[in-house]
Amino acid sequence: MTTTLCSAWHVDRGLGLTTRQPAPRLDQPTTAYRILGLPDPLLRQGIAMHEAGHAVLMLRLGMPFTSVSVADDLGHGPDKQGSAGLVDFGASYSAPVPDVLLSSAAGERAQDRWLREAGLWTEDRAWVVEILAAHDRTIIDQAVRISHPDGPTYGVSSDPTVDLAALHDYVDVWLHGLWDQVVELASVLNRRGTLTGAQAAAITSFSSNGGTPESGVTE
Ligand SMILES: [Zn+2]
């Protein structure tokens, strides 16, 4: 398990996020996708890895979902409406806090690992992966505050239920053990765009996924 120093994290008050990587130095306004600088096929593959990371952890933890998908328009970037991908898990979802933390953090950590394995990782791209996970980070923030009203810490504790660095390290270990399934699910998701929870379970050889009829999403 790696150790993340507190000084490795960066507070961005404009974005309201604390990130592992520093924000790129920009000479002029741009978009997150321009900073990412990936052609659409690679952008789509990265989004599929992100959503597969969420989905495989949810399958492993027994958290049912209705579908997992990659948007045809790839999301346009964070300054436009619409999400690049999502796991539809039901409008009134309830799950144990540790499971919510793990599954919520798994998207960005899977995408970050994919960047590394594809030889595409740069500090700036990793920062974009973090800010595109702002919705996931919000869910994590809310889940942490149930028992820690001051909110998450960053690299100052080894407790994954309160410290995001510790949570990331913990999720990385889970993802390592499930990586073949994440890669396989992302590959099929990339080709087909949308999979039901049951299809995702079959692809990853998990025994079942109950699914839920209501609509609700995590991006
Ligand atoms: Zn996500």
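Visitor: What makes the crossing of H3 and H6 right-handed?
Guide: The near helix is turned clockwise from the far one by less than a right angle, which is the definition of right-handed, anticlockwise being left-handed. The crossing of H3 and H6 is therefore listed as right-handed. The model is predicted: local features need pLDDT of at least 70, side-chain atom pairs count only at pLDDT 80 or more, and totals for chains, interfaces and linings use all residues. Numbering starts from 1 along each chain as its sequence is written.

Visitor: Why is H3 called roughly perpendicular to H6?
Guide: H3 and H6 pack at an angle of about 70°, and their axes are 9 Å apart. Axes are lines fitted to C-alpha atoms, for helices over the stretch in contact, and angles between N-to-C directions run from 0 to 180 degrees. The classes are: under 35 degrees roughly parallel, over 145 roughly antiparallel, 65 to 115 roughly perpendicular, the rest oblique. An angle of about 70° falls in the range 65 to 115, so H3 is roughly perpendicular to H6.

Visitor: Which residues make the contact of H3 with H6?
Guide: From H3 there are Leu101, Leu102, Ala105, Ala106, Arg109, Ala110 and Arg113, and from H6 there are Leu167, His168, Val171, Asp172, Trp174, Leu175 and Val182. A contact requires C-beta atoms, placed from the backbone, within 7 Å. These residues divide into 10 nonpolar, one polar and three charged. Nonpolar covers Ala, Val, Leu, Ile, Met, Phe, Trp, Tyr, Cys and Pro; charged covers Asp, Glu, Lys and Arg; the others, Gly among them, are polar.

Visitor: What makes Ala200 buried?
Guide: A residue is buried if 20 or more other C-beta atoms lie within 10 Å of its own, exposed if 12 or fewer, and partly exposed in between. Ala200 has 26 C-beta neighbours inside 10 Å, so Ala200 counts as buried. Ala200 is in helix H7. Its C-alpha atom is 8.7 Å from that of Leu189, 11 residues apart along the chain.

Visitor: Which residues have the most contacts inside the largest nonpolar core?
Guide: They are Ala52, Ala55, Val56, Val182, Leu185, Leu189 and Ala200, in a core of 51 residues. Such a core is a set of buried Ala, Val, Leu, Ile, Met, Phe, Trp, Tyr and Cys residues joined through C-beta atoms within 7 Å. Helix H6 (residues 164-192) gives the largest share, 12 residues. Ala55, neighbours within four places in sequence left aside, is in contact with Phe65, Val68, Val87, Leu185 and Ala200.

Visitor: Why does His176 count as exposed?
Guide: His176 has 10 C-beta neighbours inside 10 Å, against a limit of 12 or fewer, so His176 is exposed. His176 lies in helix H6.

Visitor: What makes Asp73 exposed?
Guide: Asp73 has 10 other C-beta atoms within 10 Å, so Asp73 is exposed by that limit. Asp73 lies in the loop between strand S3 (67-70) and strand S4 (85-88). Asp73 and Arg44 are 29 residues apart in sequence and 9.3 Å apart in space, C-alpha to C-alpha.

Visitor: How many helices and strands does the protein chain have?
Guide: There are seven helices and six strands. Helices (H or I, at least four residues) and strands (E, at least two) are DSSP runs, numbered from the N terminus. Of the 219 residues of the protein chain, 40% count as buried.

How values were computed:
Two residues are in contact if their C-beta atoms, placed from the backbone, lie within 7 Å.
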